[in-house]
Amino acid sequence: MTTIRQRRAGKGTEAAEDQPSEEKNVKPDGKILSDDAGGKLWNILSVTVGGIVAISLGLLTSVYVATLHENDLWFSNIKEVEREISFRTECGLYYSYYKQMIQAASIQQGLHGLVYDNKTESVRTINILERMNVYQEVFLSILYRILPIQQYLEPVYFYIYTLFGLQAVYVIALYVTSWLLSGTWLSGLLAACWYITNRIDTTRVEFTIPLRENWALPFFAVQIAAITYLLRTHLQPVQERLTLVVVFIATFLFSLTWQFNQFMMLIQALALFILDCFDMLPTVKVTWLYIIQISGLLLVCVLQFFNSMILGSLLLSFNTSVLIARTIQKNLKKGGLVNRLGKLILHVLLVLCLTLLINKFIKKILNLESDEHIFKFLKAKFGFGATRDFDANLYLCEEAFGLLPLNTFSRLSDTLLFYVYLFVLFFMTVAAIIVAFWNLSGSNQVQLMEKMEECTITLKPDAAYNLIHTVLFGCLALSTMRMKYLWTSHMCVFASFGLCSTEIWKITLRCIHLYTSRRVHVIKYSIPIITLLYISYKFWPGIMDELSELREFYDPDTVELMNWIKSNTPNTAVFAGSMQLLAGVKLCTGRTLTNHPHYEDKNLRERTKQIYQIYAKRSPEDVYRILRSFGTDYVILEDSICYERRHSRGCRLRDLLDIANGHIMDGLGENEPDLKPSLYPRFCEEIKKTLPSYTVHFTRVFQNKTFHVYKLAKHK
């Protein structure tokens, strides 16, 4: 029979926090003998070896991804323009600000250029530090300027090596989290090995280096490790304070480096809220974590010149609501099961209503609409009505924002990671449900339980947090493929912890009536070692082959386009085109853009939709008028967009524009009944016929197999 052993005094929560007590030798007169010197020496040796292994694996991971990047592009041998083109889409935009700071006459001038930027969006001056999370580029550029390394290291290498170096921090943080949960560094070793062997699904740093998540996720991993340590029992006050400082610093850096930080931390806050409601975490520590999230985000808000999107975030509204609701409902954790459940339902409703009211009030006061596209996307994605909104459909049609592909699980299963993860998740979830039930039942059941045959199920606060964390981020990853990197890396931690967990194996062996403490000890070390040997045997040859495979960057059409722009257009020229391409234009040529890929601004989204009419069925006069309203001198048309085949009908960019404009889509297939035929042919196709109605406004000045550049006439 399986029961829960609760602590004799206090709340049921603390029962879950019980840790196996250490037996000590006691003299007949009652004095406790000092710990064996050999045991202390062994602990010191184990910690030293574990630390060395963690640092070594972190450094090896950095070298590994750096080598893959070099081998894939031959980065050290290609020209500067090719290196810059390799930073695709928004990566190129972010790196351009690092380059801008490096090339500025002084640090002060560089900062002034970012605060009063008029080249990222034509006919408009914007504050880059307020709009985008580029403080990391600013910091790195200043560091590069003041360190005596200019003659030894090119700016681009200083940048990419920093990102690859952060991978070492990432792996070490995952290693430490697993070690803290299981009590053995063998678990950390297994987590790191799984992270490396599942690289395709755990990171994409080697081919999207400047992406914001590659800056942020290492700090997020450090924060999770610090929270895991903070939630351990019997910490000294000094240890708690130092850990809270680490949590705050990691939270702040995570928030500063990624614009989606508020959504990730909202999920984290939900995890804390759920565990606190079921009395699985110490309330005081949970309160501190809420406050740290709020203070970290507000500090970032100040640094980003009071960015309204941060002030209107659901995270700030939710955390504030939880703290207010707690003050109103002071006796939330007292009473029997029915009483507690009633209070809990009331508490959840109160928090939900307060969150929506506070958030709506803030957005009304600030007239905030920067994040409305995200909620439109979520509404359409989860089936709350179809939409013709261009921005929402743009996200819905991107594979990265679709459901997690099933082949992800087959890849994760090849390394045994997914199988082990499900095994651990099952046992931990059952334990959590049982513990949550008894916590809500209160102390009335203690006498009944003591009469029962005991088979102790414990769920320590640190393990409980990591369980809810992996479940919630797993749901996020399943719904949105781009977010899988938040889940798969933690999956490595959670699975390795379970495989090396005394509690998991104790429960498993008790269930099959084979439990002895010696068997548990043997299994918790032998199974992980066997798993490591299997992974090494199966994947080491593949890693070696991967490291020996040499490729080279090759994109002659884009290189030709960038060289032509630099040589044949004035520095003040304004270019229109696709968001992805224009980010490269800014980085490689320094020309002014009409639009760009950083999409978290309503005015920019409306501007982008207008610029994209070059791929819609519009008259040349309309397109010319739109482009000139943004000061456009040149427009770049891409055949890959005009004749797109990557997406199916209904998801091609030209289809999204047709639907938004109320026009029938091209090709065979159904159309919604209220869509009408356009009076004009598709602009990007018709302009190539050099008809008089087009040549009066547009003159082709460059073309190759991929791109067509037209100069706009300047009519009086």
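Arg326 is buried, with 17% relative accessible area (buried means under 20%, exposed over 50%, partly exposed in between; 1.4 Å probe, protein chains only). A salt bridge here is a side-chain nitrogen of Lys or Arg within 4 Å of a carboxyl oxygen of Asp or Glu. The pair links distant parts of the chain, 50 residues apart: Asp276 lies in helix α13 (261-277) and Arg326 in helix α16 (314-328). Helices (H or I, at least four residues) and strands (E, at least two) are DSSP runs, numbered from the N terminus.

The model is predicted: local features need pLDDT of at least 70, side-chain atom pairs count only at pLDDT 80 or more, and totals for chains, interfaces and linings use all residues. Residues are numbered from 1 along each chain as its sequence is written, and side-chain values use heavy atoms, without hydrogens and water.

**Salt bridges**

The rule gives 32 salt bridges. Three of them compare as follows.

| Pair | Closest N and O atoms |
|---|---|
| Arg124 and Glu121 | 2.8 Å |
| Asp555 and Arg88 | 3.1 Å |

Asp555 and Arg88 are 467 residues apart. Asp555 sits in the loop between α26 (517-548) and α27 (556-568), Arg88 in the loop between α3 (80-85) and α4 (89-103). Asp555 is buried at 15%, while Arg88 is partly exposed at 42%. Glu121 is buried at 0%; Arg124 is partly exposed at 24%. A network of salt bridges links Lys617, Arg654, Asp658, Asp666 and Arg682.

**The domain interface**

The domain assignment gives domain 1 (163-548) and domain 2 (556-712); such bounds come from an automatic or database assignment. Their centres, taken over C-alpha atoms, are 42 Å apart. Domain 1 puts 15 residues into the contact and domain 2 puts in 21, contact meaning heavy atoms within 4.5 Å.

Together the domains bury about 1600 Å², 57% of it on carbon and sulfur atoms. Buried area is the accessible area (1.4 Å probe) that two parts lose on being put together, summed over both. In domain 1, Arg388, Phe390 and Cys397 lose the most area to domain 2, together 45% of what that side buries.

Two salt bridges cross the interface of domain 1 and domain 2. Elsewhere in the list of pairs, the side chains of Asp391 and Arg605 meet in a salt bridge at 3.9 Å, N to O.
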